[in-house]
Structures are given as C-alpha cells and as structure tokens.
Amino acid sequence: MGFYPPPPGRRAWPGGESCSFHHQELVARLAHGALIREVLLTPKPGLVDRRNSGAHRDMGLDTFLTSAEAIAPWFSKFFLCGMSGHRSPAEHVLAMLRSDGVACEKAMFAATGGINTHKGSVFAFGLLCGAVGRCHGQGRPLDVQTICDEVAGICRDLVERELDRAGEATTAGEHLFHQYGLTGARGEAASGFQTVRTFSLPAFLAVEAETGSEQLALFAALLALLASNADTNLVARGGPEGLLFVQREASRLLAEGGVHAPYFMAKMAAFDDALIKRNLSPGGSADLLAVTWFLARLSLFRDHNDKNLPKEEVSDVDA
Ligand SMILES: CC(C)(COP(=O)(O)OP(=O)(O)OC[C@H]1O[C@@H](n2cnc3c(N)ncnc32)[C@H](O[C@H]2O[C@H](COP(=O)(O)OP(=O)(O)OP(=O)(O)O)[C@@H](O)[C@H]2O)[C@@H]1O)[C@@H](O)C(=O)NCCC(=O)NCCS
Ligand SMILES: Nc1ncnc2[nH]cnc12
C-alpha cells in the first residue's frame with residue numbers, strides 16, 4: 001500500500017515516533033491520512049492538487065494541508081462521542097456529533113481565514129469516526145457494511161428533516177434540494193455512502209488488487225465518482241449542465257479504458273484544464289474519494305490490537 005512522506009516543510013503526524021495507539025488515535029490517523037491522500041493525488045479535474053488550484057481562486061494546496069491539520073484533532077473526539085453514546089438510539093447520535101462538528105467547522109474556518117475547504121469532509125468523517133466509535137463500543141465488527149449501515153442509521157430521516165421542509169434555504173445544499181431535488185452530502189450519508197459502496201470502493205479495490213498501486217486505485221475511484229456522483233458543488237457552479245458535462249467526460253474516459261487507457265495522465269490533465277475553463281470543481285466527489293480510501297483501509301483499524309504497530313505500518317497510515 002502506497003504512502004507519502006510528509007509534504008515538504010511539514011512534519012509527520014505528531015507522536016509518529018511512538019507506535020502504540022489508542023483506538024481513537026488510529027481512527028484519527030486514518031481520517032487525516034485520507035484527507036492528505038485526496039489532496040495530494042495529481043492531476044484531479046477542477047480540484048486543488050499539486051498541479052494547480054483547480055477552479056479555485058481562494059485556496060491552494062497549503063490551504064488544504066493547513067485545514068487538514070486543524071480538523072484532525074476532532075476526529076478522535078467524534079470517535080469518543082460515538083463510543084460514549086453507544087447505548088443511545090442511533091438517531092440521537094447526530095445531535096451529539098453535531099456539536100463537535102460545528103466546533104470542528106469553526107476550527108477549519110479559523111485556520112483557513114474563512115475559506116470552505118473541508119465542510120463536506122467534516123460532515124462525512126464526523127459521521128464515519130462516530131460510527132466506528134459506536135460500533136467499537138457495541139463490540140460489533142468494524143467492516144464497511146456495518147460502519148456504513150450505522151452512518152445511515154445515525155442519519156435516518158436527515159433529508160426529510162433538514163431538506164424536505166418548508167422555510168428559507170440557507171446553504172448551497174438546501175437551495176439545490178429545493179431547486180433540483182438534489183440531496184447532496186446529507187443524502188449520501190443517509191444512504192450509508194451508497195455511491196462509494198457501489199462505484200468508487202469496488203473500483204479502488206479492483207485496481208489496487210490488479211496493479212498494487214494505491215495511486216492508480218485512487219484515480220480509478222475518482223473517475224468512478226466523477227461519472228456517478230450527483231455533486232452539488234458542480235450544480236452550484238455550473239447548473240445541471242455542469243454536472244452532466246463532468247459525468248459524460250468521466251464516462252468517456254472510463255469507456256476508453258480508465259486508468260489503463262493510453263496517455264491516461266495526459267487525459268486527466270486535459271480534463272483538469274477543461275473544468276478550470278468552465279469554473280467547475282467536483283468538491284463533493286473529492287470528499288467521497290477520501291471516504292473511499294478510509295473505508296478501504298478500515299482493516300488497518302480492525303487488525304489493531306493495542307500492541308505496538310511496526311513503524312512501516314504507522315507510516316502507511318500517516319501521510
Ligand atoms: C450537512 C452539511 C454538509 C450541510 O451543508 P450543505 O447544506 O451546504 O450541504 P451540501 O451542499 O449537500 O454539501 C456541503 C458540502 O458537502 C460536499 N458535497 C457536495 N455534494 C456531495 C455529495 N453528493 N456527496 C458528498 N459530499 C458532497 C461539498 O463539500 C466539498 O466542497 C467544498 C469545497 O468546494 P467549493 O466549490 O469551494 O464550495 P464553496 O466554498 O461552497 O463554493 P465557492 O464559494 O468556493 O464557490 C468543501 O466543503 C468540500 O468539503 C459541499 O460543499 C454540513 O455542513 C452541516 O450540517 N454541518 C454542521 C456541522 C456538522 O454536522 N458537522 C459534522 C458532524 S456529523
Ligand atoms: N482537492 C480539493 N479541491 C477542491 N475542493 C475540495 N474539497 C475537498 N477536497 C478538495
């Protein structure tokens with residue numbers, strides 16, 4: 001499994017020299033590692049990466065790395081919140097997670113000077129880390145199906161309660177639901193990350209098994225998401241036509257062989273240029289790419305049994 005050295009000028013995760021972790025620390029490392037792998041994957045169409053800032057004028061690679069450091073400490077809080085509430089009914093957990101989530105969003109905005117880098121990721125990983133804590137507290141298996149079903153349980157009726165109601169829309173997601181019926185990050189969570197489980201996770205696992213390359217597996221997952229995810233960011237920026245353009249382009253690349261196509265990286269760079277030209281940024285799919293990697297690596301957490309992890313396994317999780 002591939003891993004990255006800490007980005008230039010940044011130290012590895014604090015405490016990286018020690019190898020024994022409490023469970024909440026390991027979940028936090030997985031979530032942090034997922035955010036770093038997502039932003040470093042390059043080239044990503046319309047998104048911030050090592051090549052450019054995509055269709056963004058207000059944020060770059062450093063903004064995301066700073067943001068990831070600012071929100072990372074909250075991942076273990078989400079885990080502990082889920083674990084402490086493991087006897088409560090699932091539908092009570094979201095309110096408990098949300099108070100940490102709002103504080104985490106504030107930490108993100110404080111670190112980025114008010115720029116929205118990871119709002120969707122805070123929501124997704126707040127739920128995932130909370131669900132892992134809750135299942136761990138209940139002594140249940142920590143596999144993809146169990147964790148995703150738990151997220152769906154925590155978010156039961158979230159769309160009906162928060163989107164499908166009268167009253168003024170205040171956020172992008174709420175506006176887009178009223179206008180187009182898109183359920184965005186809430187709908188994806190309430191489905192138990194169905195788009196990830198149906199499209200990007202199988203693509204990731206198949207390509208990693210085939211090639212042994214985590215990079216190629218991440219590209220395969222990203223393409224699967226761009227072709228299938230109803231990303232509210234794309235609709236907010238370019239209307240339904242914007243979403244359709246991205247889905248068609250990604251489907252065409254997949255039909256040409258996807259990551260195995262000749263000149264694949266050049267085609268992804270051209271895709272990037274095309275989205276920048278149209279001011280399109282699939283931020284929601286970027287979040288789900290990080291979710292895909294996290295779910296694919298859950299076994300790292302499952303296999304953890306409180307004994308010292310060999311150093312190389314730790315650096316696999318750290319980025
Ligand atoms: C439930 C919330 C997410 C409510 O937020 P909102 O009502 O805005 O919901 P959505 O619009 O549906 O989604 C918000 C973000 O989620 C990402 N997203 C979009 N579509 C999907 C999808 N289909 N599946 C999964 N995730 C999706 C996306 O986030 C990413 O993009 C943002 C960066 O892109 P950018 O274009 O720059 O966005 P803007 O800054 O808005 O545009 P510009 O101004 O630059 O033009 C970045 O957020 C990425 O993460 C959507 O933006 C949630 O916010 C909420 O309720 N929070 C409260 C606290 C909480 O609950 N915390 C978690 C505890 S469980
Ligand atoms: N790499 C990225 N670029 C733009 N928006 C994002 N949201 C999450 N990751 C992102």
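Guide: We'll look at a ligand and then at some helices.
Guide: This is a predicted model, where local features need pLDDT of at least 70, side-chain atom pairs count only at pLDDT 80 or more, and totals for chains, interfaces and linings use all residues. Residues are numbered from 1 along each chain as its sequence is written, chains are lettered from A and ligands numbered from 1 in the order written, and side-chain values use heavy atoms, without hydrogens and water.
Visitor: How many residues surround ligand 1?
Guide: 34 residues surround it, counting any with a heavy atom within 4 Å. The closest are G120, T171, R186, N233 and D287.
Visitor: What's 2.5 Å from an oxygen atom of ligand 1?
Guide: An N or O atom in the side chain of T171. A polar side-chain atom of N233 is 2.7 Å from a ligand 1 oxygen atom.
Visitor: OK, helices. At what angle do α10 and α12 pack?
Guide: About 40°, with axes 13 Å apart. That makes α10 oblique to α12 (under 35 degrees is roughly parallel, over 145 roughly antiparallel, 65 to 115 roughly perpendicular, and the rest oblique).
Visitor: Which residues meet there?
Guide: F219, L222, L223 and L226 in α10 meet F264, M265, M268 and F271 in α12, with contact meaning heavy atoms within 4.5 Å.
Visitor: And how do α2 and α3 cross?
Guide: At roughly 165°, with their axes coming within 9 Å. That makes α2 roughly antiparallel to α3.

Terms used. Axes fitted to C-alpha atoms, helices over the stretch in contact; angles between N-to-C directions. Helix = DSSP H or I, 4+ residues; strand = E, 2+ residues; numbered from the N terminus. Polar contact = N/O pair within 3.5 Å; in protein donor to acceptor, adjacent residues only side chain to side chain.
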